[in-house]
Amino acid sequence: MSEQIYTNYRLQLPNEEVLGTLVVRDGAIADIQPGVVSTGHNGGGDYLMPGLIELHTDNVERCIAPRPGIEWPIAAAAVSHDREVISAGITTVYDAISIGDFKSRSLRLTHCEAMMDAILHGQLAGRFAADHRIHLRCEISYEHAFPSAEVHLRNPLVSLMSLMDHTPGQRQFVRMDKFKQYYMGKHGVSPDEIEDFIQQRYQDQEKYSLQNRKSLVNLAKQNNIALASHDDATTAHVQEAIEDGAAIAEFPTTLEAAREAHQHNLHVLMGAPNIVLGKSHSGNVSAMELVKRDQLDILSSDYAPQSLLQAIFVITKKTGKPLHEAMQVVTSNPAKAVNLFGDRGSLEVGKRADLIAVRDDGTVPRLTAVMRQGLRVA
């Protein structure tokens with residue numbers, strides 16, 4: 001039997017903070033008591049909280065293509081991605097892999113299967129420090145979205161599916177200038193190409209979106225895969241998600257959509273960078289506004305793993321919420337949304353000892369240790 005003792009930590013329990021001691025046996029939390037003991041790892045008053053749970057990160061793509069024209073070996077990139085997320089305190093991560101794109105030679109089209117294989121093989125080989133799952137991001141206006149998703153569901157790590165529609169003029173890209181800025185800047189669409197590019201997006205949506213949505217919803221239900229909507233902007237979008245059986249509303253773009261989703265018990269997910277930076281990079285609703293209205297349930301680091309931890313400390317400072325309450329958007333709430341709360345997401349006896357120790361100097365919180373099932377991994 002292996003045992004670890006963590007004492008003199010400010011334990012972030014489900015309903016309170018307690019200066020105390022947490023005991024781990026064989027990878028699970030065995031005891032939690034107030035007070036400090038003379039043995040074990042002395043935390044010196046640092047915070048101890050559950051490992052962070054990330055449901056939507058594109059970071060693996062950045063590790064494969066760290067700059068334009070560069071493609072890193074995929075297996076090595078997957079390990080680099082793993083080290084980045086675990087070093088950010090993320091102990092459970094849903095790697096977002098996109099099905100479909102608008103550029104014929106994009107990384108998302110050419111490397112989708114290889115990315116999924118690298119994550120699966122890395123997980124099975126014990127190559128990763130974090131626990132990895134796969135989140136299929138399905139672009140419903142992409143012609144081959146359904147058959148591609150059907151094939152990729154053979155990967156046993158697929159546990160979450162979201163339905164995206166990045167057609168200009170709606171959802172994330174209500175503002176056409178933001179659509180042009182994004183695709184010309186990130187995807188290299190030239191000024192001479194952009195108008196034809198926009199027209200092609202409209203045509204693809206008309207041809208493929210409706211049938212793809214129906215087919216993908218049925219596929220998720222048949223395979224017991226949690227479903228998320230994406231970039232809902234109107235109450236009609238939210239009602240469509242409810243009819244589809246979605247459990248999560250990812251990145252609603254307006255107060256109206258966020259309110260509607262929250263009222264109908266969808267887990268409202270927003271980006272942690274939005275909290276850290278104080279605004280949406282697409283000009284959409286402020287995540288902090290949703291926090292203040294109690295309409296935000298989950299934060300995702302999206303493209304910046306380090307933002308997840310920092311965001312919850314920003315929330316505590318700007319709202320006065322205690323840390324044990326603010327942290328729920330990166331611990332218990334995401335665990336509940338994807339049916340993992342039975343074994344992780346809170347400091348409770350019997351749960352996995354996925355833990356992070358954090359020190360806050362009032363400017364930037366920093367991790368002092370990351371433990372997965374009681375053993376230090378970062």
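**Reading a helix contact**

Modeller: In helix H2, Ile74, Ala75 and Ala78 meet Ala114, Met115 and Ala118 of helix H4, where contact means heavy atoms within 4.5 Å. By class, this contact of H2 with H4 has six nonpolar, no polar and no charged residues, with Ala, Val, Leu, Ile, Met, Phe, Trp, Tyr, Cys and Pro counted as nonpolar, Asp, Glu, Lys and Arg as charged, and the others, Gly among them, as polar. The model is predicted, so local features need pLDDT of at least 70, side-chain atom pairs count only at pLDDT 80 or more, and totals for chains, interfaces and linings use all residues. Residues are numbered from 1 along each chain as its sequence is written, and side-chain values use heavy atoms, leaving out hydrogens and water.

Colleague: At what angle do H2 and H4 pack?

Modeller: Helix H2 (residues 74–87) and helix H4 (residues 112–124) pack at about 60 degrees, with their axes 9 Å apart. The two are therefore oblique to each other, since angles under 35 degrees count as roughly parallel, over 145 as roughly antiparallel, 65 to 115 as roughly perpendicular and the rest as oblique.

Colleague: Which residues of H8 and H9 meet?

Modeller: Thr235, Val238 and Gln239 in H8 meet Glu256, Ala257, Glu260 and Ala261 in H9, a contact with three nonpolar, two polar and two charged residues. The axes of H8 (residues 235–244) and H9 (residues 255–263) come within 8 Å and cross at roughly 30 degrees, and the helices are therefore roughly parallel to each other.

Technical notes: Axes fitted to C-alpha atoms, helices over the stretch in contact; angles between N-to-C directions. Helix = DSSP H or I, 4+ residues; strand = E, 2+ residues; numbered from the N terminus.
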